[in-house]
Amino acid sequence: MKKPLAESPVPTPDDTDLSLGLSKQEAARRLEKHGANTLQENHSSPLLKFLHYFWGPIPWMIEVAAILSALVQHWPDFVIIMALLLFNAGIGFWQEYKAASALDALKNQLALKARVLRDGQWSMLDAAQLVPGDVIRLRAGDIIPADATLVTGQYLAVDQSALTGESLPVDKTVGELAYSGAIAKQGEMEAVVTATGASTFFGRTASLVQSAGAPSHFQKAVLAIGDYLIFVSLGLVVILIMVQLYRDTPILDIVQFALILTVASIPVAMPAVLSVTMAAGALKLSKKKAIVSRLQSIEEMAGIDILFSDKTGTLTQNRLTLGDPIVFAAPDAQSLILAAALASKAENADAIDLAVIGGLDDANITDGYTQTEFTPFDPITKRTEAAITAADGQRFRVTKGAPQVIEALTNLSGDDAVRARQLVDGLAAKGFRTLGVARMDDDQNWTFLGILPMFDPPREDSAEMIRQARLHGVDVKMVTGDNVAIAREISGGLGLGRDIQPATDLFGEDGSSIVNDVGERVEQADGFAQVFPEHKYAIVQTLQDRGHLVGMTGDGVNDAPALKQADVGIAVSGATDAARAAADLILTQPGLSTIIHAIEEARRIFERMNSYAIYRINETIRIMVFVVLAMIIYDFYPITAVMIILLAFFNDIPIMTIAYDNTWLDPKPVRWDMHRVLSVSTVMGAIGTIGSFLMLYLAMDWLKLPVDKIQTYVFLKMAVSGHMALFVARARGWFIQRPYPAPVMIWSAIGTKLAATALVLYPFGLMAPLSWFDVGLIWSYSIIWAFVTDAAKIAVYRRFDHTARRHKKFLKTVSSPLIHK
């Protein structure tokens, strides 16, 4: 088909040729002149970022401890404290850099695209490459990539609410300006770019990637643990100071030791561990063709128990093939297909349009017609329409769309209406989609030309992936705009079940429920047919009100509200810009397998964070409670300030590697369980404290060691046991069972343990040296005690599992009579 002409001449920058667009050479020249179509980001100086790590409550405490060490002329302490300060700053800076690099990589994968005409050819380019004078095509669902003057087409409904505050979409026509960052809601037009980047009217474009601004529920919980540990540490330190002052210990020595003990006990590495774990997990997800646009959504993804999946392209192959046309008023089958092809646009690469055009015997037959107007498909009208001028000057209109819509448009009645419905229902029962086709020659009455059957076969992996989802505790439900018969056939064939509810029987046009038992029916249904975007939103909200975490797939601009409402909004492969902007997870590959992989990885990320929380609470209890109680009971320092600083060194390095750990994959959806975390970590910390006191008793009363050697004994024991506690915390079962720790975690722990061992053998005056016998004894004791701690941890987990089973059995017993009623 020939290009439609503009309804009226429109001034364009540099008189751009609307039929050819810019040449590649001219576009390159303008790109050099005007710069990329992006906004200049403010990048902080790396030096300032590094210096930032010396400012804040934690650095202040370390700095004060260093100053006090200098005042009392404890120079070894001063040097090591300053080394700790630099170490914490360096680790934090490096982890922030890695997290930022991962997020930048995700941003690059989510860059906006634009349909651009250059050298007479339409192609998809990064929006950053647009220049003034480029001819672009804007369709429903696009985020407008630059300020542009509309030049051809009927109209474009634009949502400018994020830019101007206007609550309703604005209809724009030829000659009007479309602003960068607005969203095309309906229609399709071509436009010429007038301004890019910082030169646009609003000076910005819409961003798809959101930084981790507001913390998720999980992050809030972990940060709350951090605050709790700080208060516990400070409370114990106050008790220690009061007791030592009563014993007339020099005030500077007390304050220095108290500061160092506090710094070693509170979660200094928590922000770095949080950011690098989330970012590293998101980067790993992107390699599995699932891009996270909101890092906090990883937590919700790990906990979703219901997933609504679009049929087309996710459960099916989205490779439509045309069946045998069924002729009504059309002269023959090819005439019917031609009418449908004239109501299509090949350059839009729509699967239905391409299947229709592919059904023509002569692919060049459309060259004899000019498409003067085109109204694209949208989920509300459910049809496309075009105004056509033939080579002989004849004018007419054609439309194709959902059969029931075309039947109503043509006022089909009598035997033809009965026949059409029987054919549509019969084809639907075999899994065929159908298109109604109509033509209007007199600008008044539409004529029903016939029906085009189309088949979209299920993806080969869909049935297996649905089975895998159920094994992961996720109930998959299908949503589709097709009729009930098609949905039931596809759903049954995939093993989802055949209980398909028409969304129109549950919800009104505004999405409000029209039945009393809507919650039960939505929960029990295997899928939903005849679904409009408003229905998706209502379905999600209904299940959320019943306590479910819901994942919802979508691809169109009108899916955006449902994607935002869902706990995890998933934009499927090929989704519009607007859907991608609203989604938490953007798929770059079709199929359900990508979503299953994303859920698995999210649960692994969640498990790493859970392990970190348990380990961190355990360590604070193990160090703080033991040191404070030992000083109160025995009236001497069981470990020196320098040793505490060195412990912080040796413990912080392995914990950073938890972001890359191999974790146990929970077969069911996971949610934050503070009671379980606190119980497990408290028991582990208590067992660790008992172990430290037993070692202290062994060194004092059995080996009769002097105080300085006792302190070295305690130091090595806490260094080795700390790393063992990390391995214990990361496992639900015995820590020596699969999944084994990641190699990077094992080697970092081995390296720091060997460094601590070497230090007690050759201490360079920092502590009293130990013999190889002492080292062997401490290592053996620590390893044995790790098994004791592990046994206690497993007992706590089993207690929780037993309680959960009893609770589930109780609920089943209570609900059973109600169900039979």
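Let's start with a pair of side chains: arginine 383 and glutamate 385 meet in a salt bridge, 2.9 Å from N to O. By salt bridge I mean a side-chain nitrogen of Lys or Arg within 4 Å of a carboxyl oxygen of Asp or Glu. Arginine 383 is buried, and glutamate 385 is buried too. Buried here is under 20% relative accessible area, exposed is over 50%, and partly exposed is in between, with a 1.4 Å probe and protein chains only.

Before I go on, this is a predicted model, so local features need pLDDT of at least 70 and side-chain atom pairs count only at pLDDT 80 or more, while totals for chains, interfaces and linings use all residues. Residues are numbered from 1 along each chain as its sequence is written, and side-chain values use heavy atoms, with hydrogens and water left out.

Okay, back to charges. Side chains of opposite charge can pair when their charged atoms come close. How many salt bridges does a search of the whole structure find? It finds 32. One of them joins lysine 345 and glutamate 188, at 3.3 Å from N to O. Lysine 345 sits in the loop between α11 (333-342) and α12 (351-358), and glutamate 188 is in strand β7 (residues 183-195), so this pair ties together parts that are 157 residues apart in sequence. Lysine 345 and glutamate 188 are both buried. They also belong to a network of salt bridges that links Arg137, Glu188, Glu190 and Lys345.

Another one to look at is arginine 433 with aspartate 482, where the closest N and O atoms are 3.3 Å apart. That pair links distant parts of the chain, 49 residues apart: arginine 433 is in strand β15 (residues 432-440), and aspartate 482 is in the loop between β17 (475-479) and α16 (484-493). Again, both arginine 433 and aspartate 482 are buried.

Now zoom out. The protein has 26 helices and 22 strands; these are DSSP runs numbered from the N terminus, H or I with at least four residues for helices, E with at least two for strands. Of the 821 residues, 54% are buried. And if you take contacts (heavy atoms within 4.5 Å) between residues at least 6 apart in sequence, 73% join residues at least 24 apart.

So what's inside? In soluble globular proteins, nonpolar side chains tend to be buried together. A nonpolar core, for us, is a set of buried Ala, Val, Leu, Ile, Met, Phe, Trp, Tyr and Cys residues joined through side-chain atoms within 4.5 Å. The largest one has 135 residues, and Leu261, Ile639, Leu646 and Phe715 touch the most other members. Helix α21 (residues 593-634) gives the most to this core, with 20 residues. Isoleucine 639, leaving out residues up to four places away in sequence, touches several residues, including Phe257, Val627, Leu647 and Phe715. Apart from that core lies another, of 27 residues, among them Ile539 and Ala575.

Last stop, leucine 252, which is found in helix α7.
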